[in-house]
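Subject: Model handover and notes

Hello,

The structure we discussed follows.

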Amino acid sequence: MKKKHIPWKITVLMLLSSIFLLSGCDTSKIAVLNPQGPVAQKQYDLIVYSFWLMMIILVVVLGLFIFMIFKYREKRLAADYIPPDQHGNKWLEIIWTAIPIVIIIAVAIPTIKANYALEDIPKGYEDKKPITINVTSADWKWIFSYPEQGIETVNYVNIPKGTPVKFQLTSAGTMASFWIPELGGQKYTMPNHSMELILLADKPGSYLGRNANFNGEGFAHMDFEVLSQTQEDFDKWVKDVKKTAPKLTKADYNKILKPGVVGRMTYTGTHLPWVKAPHQHGVMKKQETNQKQHKMDGMDMDMNMDMSEHQH
């Protein structure tokens with residue numbers, strides 16, 4: 001029984017149809033491809049660079065594949081034909097070893113540079129005083145504390161546009177992943193640890209944030225709204241919260257921490273004075289460093305004195 005083969009014309013038609021269908025997709029609805037700040041823009045540029053680099057590699061590989069199929073396809077030769085033995089080719093082996101190394105370097109250099117740049121305040125905003133917002137993930141909600149403004153929100157966060165935001169991330173439950181696709185990449189929230197994520201929105205707007213790490217049955221509902229406002233609107237919102245919102249108590253906070261899905265909440269005051277400051281992941285305070293250096297110097301001095309007394 002002969003196998004049925006799909007005609008090559010139908011295959012080409014299907015490929016072309018898929019390309020035309022994909023070209024109709026609105027990339028503005030794909031959050032990762034719709035950067036709304038300098039951090040997200042840098043990551044977007046890296047994605048586009050990597051995409052086109054991979055496309056060039058794909059075209060070259062497919063071109064060589066098609067060339068090899070036609071060049072070395074089955075031919076009508078004598079039945080006793082034996083192809084000549086092929087030995088190693090030094091230059092070919094060097095080339096196909098060097099090409100992957102070059103590709104890795106071409107991807108690694110801009111990726112590493114971008115990752116290090118994203119750990120600092122975005123260029124052009126160095127003179128702008130950043131705002132600090134403490135983010136605490138719990139099962140299954142997000143708690144945002146404004147230590148400078150003295151307010152706390154649940155499942156939504158307001159930020160002033162054009163101002164760098166230092167999110168201090170920690171967790172009061174399972175490990176989660178704090179992600180606002182239109183403003184930048186994600187970072188994990190972990191119990192007893194603090195991770196810093198710097199983001200910035202360069203224009204007013206509403207953006208969806210979510211948990212990108214599965215952490216139980218309420219994972220799908222663990223999202224929040226990020227509202228970027230003008231500085232005037234942000235200041236007005238802070239004043240309104242202080243006038244109208246209830247004061248946060250320990251009982252309120254403990255109730256929020258219980259596993260479950262909740263709606264939006266707003267309070268005056270924060271829970272930060274009631275909890276132990278988490279360890280700053282990968283960061284050592286200058287004061288601690290100086291203290292350790294002072295202790296080491298004292299130990300060296302004592303050892304030198306002991307040695308000198310022993311010699312006498």
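Among contacts in the chain between residues at least 6 apart in sequence, what share joins residues at least 24 apart? The share is 69%. Contact here means heavy atoms within 4.5 Å.

Ground rules next. This is a predicted model, so local features need pLDDT of at least 70 and side-chain atom pairs count only at pLDDT 80 or more, while totals for chains, interfaces and linings use all residues. Residues are numbered from 1 along each chain as its sequence is written, and side-chain values use heavy atoms, with hydrogens and water left out.

**Overall**

The chain has 312 residues, and 29% of them count as buried. Buried means under 20% relative accessible area, exposed means over 50%, and partly exposed lies in between (1.4 Å probe, protein chains only). The accessible surface of the chain is about 21900 Å². Carbon and sulfur atoms account for 63% of that surface. Areas come from the Shrake-Rupley method with a 1.4 Å probe; for residues, only the protein chains shown count as cover.

Secondary structure comes to 6 helices and 12 strands. Both are DSSP runs, numbered from the N terminus: helices are H or I with at least four residues, strands are E with at least two.

Two strands pair if DSSP finds at least two bridges between them. Axes are lines fitted to C-alpha atoms, for helices over the stretch in contact, and angles run from 0 to 180 degrees between N-to-C directions.

β4 runs parallel to β10 (residues 223–229), and 5 bridges join the two. Asparagine 158 stands opposite leucine 227 in β10. Proline 160 stands opposite glutamine 229 in β10.

Is β4 enclosed or open? 5 of the 5 residues of β4 are buried, so the strand is largely enclosed by the rest of the structure. Both faces are covered. Tyr156, Asn158 and Pro160 lie on one side, Val157 and Ile159 on the other.

Glutamine 231 is in helix α4. Glutamine 231 is partly exposed, at 31% relative accessible area. Leaving aside neighbours within four places in sequence, glutamine 231 is in contact with Pro160 and Thr163. Glutamine 231 and proline 160 are 71 residues apart in sequence, yet 5.2 Å apart in space, C-alpha to C-alpha.

β1 (131–138) and β2 (141–146) form a hairpin with 2 residues between them. They run antiparallel, joined by 5 bridges. Asparagine 134 has serine 145 in β2 as its bridge partner. β2 and β3 form a hairpin too, with 4 residues between them. Glycine 150 in that turn has a positive phi of about 75°. β2 and β3 also run antiparallel, with 4 bridges. Isoleucine 143 has valine 154 in β3 as its bridge partner.

β2 is mostly covered, with 6 of its 6 residues buried. Lys141, Ile143 and Ser145 point one way, and Trp142, Phe144 and Tyr146 the other.

**A helix pair**

α2 (residues 38–71) and α3 (residues 90–117) pack at about 175°, with axes 10 Å apart. That makes α2 roughly antiparallel to α3. Angles under 35 degrees count as roughly parallel, over 145 as roughly antiparallel, 65 to 115 as roughly perpendicular and the rest as oblique.

The α2 side of the contact includes Leu46, Tyr49 and Leu53; the α3 side includes Ile103, Val107 and Pro110. By class, the contact has 11 nonpolar, 1 polar and 1 charged residues. Ala, Val, Leu, Ile, Met, Phe, Trp, Tyr, Cys and Pro count as nonpolar, Asp, Glu, Lys and Arg as charged, and the others, Gly among them, as polar.

**Backbone points to check**

Most residues other than glycine have a negative phi, and most peptide bonds are trans.

- The bond from aspartate 139 to tryptophan 140 is cis, with omega near 0°.
- Asparagine 155 has a positive phi of about 65° and is buried, at 10% relative accessible area.
- Asparagine 192 has a positive phi near 65° and is exposed, at 62%.

Best regards
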